[in-house]
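Biologist: I should like to go through the reasoning behind the descriptions used for this model. Could we begin with the structure itself?
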Amino acid sequence: MSSYPTTWRRPPQIIPDRRLRIAVQIAALVYLVLAVGSVEVNWMRVSEGLERGQRFVMGFLQPDFTSRWGDISQGLIESLTMTLTSTVVGVLISIPIGIGASRNIVPRPVYLFCRAVIAISRSLQELIVAIFLVAMFGFGPFAGFLTLSFATIGFIGKLLADEIEEVDETQVEAIRSTGASWFQMLNYAVQPQIMPRLIGLSLYRLDINFRESAVIGIVGAGGIGATLNTAIDRYEYDSAGAILLIIIAIVMVAEYSSSYLRKFLQ
Amino acid sequence: MLKLNGLSKTYKTGDTALSDVSLDVQKGQLIGLIGPSGAGKSTLIRCINRLVEPSSGEVWLGDVDLVKLSRSELRHQRRRIGMIFQEYALVERLTVMENVLSGRLGYVSFWRSWLRRYEPRDIQRAYELLDRVGLLQHADKRADALSGGQRQRVGIARALMQDPDLLLVDEPTASLDPKTSRQIMRLLTEICAERDLPAIVNIHDVPLAQAFMQRIVGLRAGRVVFDGAPDGLSEAVLTEIYGAEDWNPVGNDDDADDTPVVVPKVAEVLA
């Protein structure tokens, strides 16, 4: 009874060897110090930029909604149109692709093909796609619409496929054992299990697409981003501030309403 | 009615789940399939409707060998085999009615099932079956709003909705309390008797199997080691199926409570 030890320490989990552990910690610290030392900072430029940044912040504090309201409202309408249409089109295309990318319900060649489509869509960042599509289709919201639809396919397709691969197999088995066809199995056993998640993901993608529409506008794909870019180029920081405030407000509204909706759907 | 001939299953991992199982099931006969975990009970049941593809052997349902069928012919034949599952396997987000009607999926077109426009005959039958299992007033509830026993009743109604010639029942009571288990088993036996329906019931509760089954098949390591009447399950036979253990039910309270078949034996042993 009394011979049992009275102290206990949690054994190291990742690197059991004490000397190696200390060596790794020191090496990481040394690299960090050297890396920070190698960053070149031009203090002249920083002080100049700080001044410009200050004007930007001042513009934020005194946002000017009125003098460029025509441009702003047009940009907003373009962005919102782009967001909604690209989300709807993107989700519609990604549903068959997501189903095809689910290992448990399709043959292997279909699975590999659909996973490849998703991988391509996900590996290309929105900005790069936007630059490419603007070069192809010219400036304006059409390029933005295509960019966001393309990005939505990768996002929804992957998450939907992962969700389908996680469905309760016994429910699928039960429906298959009644003699149901593949489409009936999809409709009766898979769809009820993934529907809440699909709706949640679509709403989430809707607000991502709105934020992205502001970013890709900067490279010429139309929408509020283009208006923002113009305002900054003209040094109209008060209008730029107004645009940023509007974007923040819309994203917050989208955030709260979509989380409310998701809760409601559970 | 159902005839298994030399049925074997070896999984890709190299595990042999079934070897050379032959079985003859008569119309209206209730067969209890017992055996330790991993003996191949679930595999055997799933090989019959080919949810698991058998490696070799024949499965004759009437005059059709299910093993040789193409995909679409198999779908057609699956309608004749109703299946009831351990964890009920209801589609939780669908209503009770949809779950029962899904038993008709093999008979109706995709569009009809998608729009939930079943024939009046089918709907009437679904209500009739729900009434039979005592759930008529729950038809419009979602399946996940029901208790375990109620869900299993819906599972039974779904299987019967197929108008089956055979029932495959996989551990129907494993997730239920003893009282509900007995109620479900009683309902199953009554329903099979009403329709002269044969059933293979995979069950690990030996006293429950003895109380409700007409014939017991014992599986061990994928082989049939016992096939006979429930009262033939002696201590020696149980040891043959499950391995050595003290089969005296003393100290095993929940079994002793609801097993009139075994209790007299205790008295003998004690005397």
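Modeller: The model is predicted. One topic is the packing of a helix in chain B: the buried residues of H7(B) pack against helix H6 (148-161), strand S7 (166-170), strand S8 (199-202) and helix H8 (206-212) of chain B.

Biologist: Which residues of H7(B) are buried, and what puts them on the same side of H7(B)?

Modeller: A residue is called buried if 20 or more other C-beta atoms lie within 10 Å of its own. Ser181(B), Ile184(B), Met185(B) and Leu188(B) are buried. They cover an arc of only 100° around the axis, and therefore lie on the same side of H7(B). An α-helix has 3.6 residues a turn, so residues three or four places apart point the same way.

Biologist: Which residues are exposed on the other side of H7(B)?

Modeller: Exposed there are Lys179(B), Arg186(B), Glu190(B), Ala193(B) and Glu194(B).

Biologist: How do you know that the span of helix H7 of chain B agrees with its number of residues?

Modeller: The helix covers residues 178-195, which is 18 residues, and at 1.5 Å a residue these should span 26 Å. The end C-alpha atoms are 26 Å apart, so the two values agree. Just after H7(B), Asp196(B) takes a positive phi of about 55°.

Biologist: What makes S2 and S5 of chain B edge strands?

Modeller: The open sheet has 4 strands in the order S2-S1-S4-S5 (chain B), with antiparallel pairing. Strand S2 (16-25) and strand S5 (64-65) of chain B each pair on one side only, and are thus its edges.

Biologist: How do you know that S4 of chain B pairs with S5(B)?

Modeller: Pairing requires at least two bridges, and 2 bridges join strand S4 (residues 56-61) of chain B to S5(B). In one of them, Trp60(B) has Asp65(B) as its bridge partner.

Definitions and conventions: Residues numbered from 1 in each chain as written. Chains lettered and ligands numbered in written order. Predicted model: local features only at pLDDT ≥ 70, side-chain atom pairs only at ≥ 80, totals over all residues. Expected span 1.5 Å × (residues − 1). Buried ≥ 20, exposed ≤ 12 C-beta atoms within 10 Å, placed from the backbone. Arc of directions from axis to C-beta. Contact = placed C-beta atoms within 7 Å.
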